[in-house]
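Below is a short note for a colleague who is coming to this structure without having seen it before. Please read the numbered points beside the model.

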Amino acid sequence: MSQEQPQRPEREQQEAIKYGDVFNVRGELAKQPIAPQDAAMMQSAETMVFGQTQKGGPAAVMQSAATKNERSGFVSHDATTPVAGAEGVTVTETTVPGRRIITESVAGQVLGQSVEPVPVTAAVGGAGGEPEEAPITIGEALAATALTAGDKPVEQSDAAAIQAAEVRATGSSVVTPGGLAATAQSAASVNEGLTQDVDKIKLNNVLTGATAKLPTDKAATRQDAEGVMEAELRNNPELTTYPGGVAASVAAAARLNERSS
């Protein structure tokens, strides 16, 4: 009589998943473990360009690897790969007749590229007849946060970051009644009195359609990103920003604007 063989326990992850394990990259980047904040930056950047993260795209691959690395204790939740933090995460769009080429990179090395067909139209405006790309505004960055971190309950750090973003977008330090900052502050105050996350007001309740809720808007700059990040950090007891949150989205917008300028 045959005996049933005991099932072997699932093998634990022995090493961190590195960039070189899942992407065709080289040098120092290839040796680095994929970190949660790297994935969050790529998610924000993809959302700016595509309107959402791409199924099976670099952001999804990075998020899966970063989650496994964090669960296995190789990286912390707020970790950023040094080379990615220093040299940046970008998603760039190049338009040529009949095609739109999207290139996604970390530290200047390409992780993925996609080509989309577009109708051929006469080029307008740019030097040498090239079309000009409109910069990403602060309002658009806030609206992107509703997609990248929409299920997150609104906290005081989020409300502070949203207020800082609104001040920079409008150029006024006066909080508009019923505006984004006022709504976020009210949501954070309500959430403090609730114990279950399911009952709390989420970021997507506040930030969906953010561009239409701002009286004026402006292109996101590095200075804007720094101001928003400082506000979010200052109001978070753990002194961290949320992956894919308000500060991360404004920072991604500023990086994309710098790259395309």
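How much space lies in the second largest pocket?

1. About 540 Å³ of space lies in the second largest pocket. Here a pocket is an open set of points, on a 1 Å grid over the protein atoms alone, where a 1.4 Å probe fits, with protein on both sides within 12 Å along at least five of seven lines, and lining residues have an atom within 4 Å of a point. Of its 25 lining residues, those closest to the centre of the second largest pocket are Met41, Gly85, Met229, Ala251 and Arg255.

2. The model is predicted, so that local features need pLDDT of at least 70 and side-chain atom pairs count only at pLDDT 80 or more, while totals for chains, interfaces and linings use all residues. Residues are numbered from 1 along each chain as its sequence is written, and side-chain values use heavy atoms, with hydrogens and water left out.

3. At least two residues of the lining of the second largest pocket come from each of helix H3 (36–50), helix H5 (82–87), strand S1 (89–96), helix H11 (222–234) and helix H12 (246–260), where helices (H or I, at least four residues) and strands (E, at least two) are DSSP runs numbered from the N terminus. H12 gives the largest share of this lining, seven residues.

4. Because both domain 1 (19–117) and domain 2 (138–260) give residues to the lining, the second largest pocket lies between them; the domain bounds come from an automatic or database domain assignment.

5. Ala107, in the loop between strand S2 (99–106) and strand S3 (109–117), has a positive phi of about 50°, and Ala107 is buried, with a relative accessible area of 11%. Leu239, in the loop between H11 and H12, has a positive phi near 55°, but Leu239 counts as exposed at 60% relative accessibility. Buried means under 20% relative accessible area, exposed over 50%, and partly exposed in between (1.4 Å probe, protein chains only).

6. Gln163 lies in helix H7 (residues 156–170) and is partly exposed, with a relative accessible area of 32%. Gln163 and Gly179 stand 16 residues apart in sequence, and their C-alpha atoms are 9.5 Å apart in space.

7. Lys152 lies over the face of Tyr242, at 5.2 Å from the ring centre; a charge sits over a ring if NZ of Lys or CZ of Arg is within 6 Å of the ring centre and within 35 degrees of the ring normal.

Key:
Grid points are joined across faces, edges and corners, and a volume is the space filled by probe spheres set on the points.
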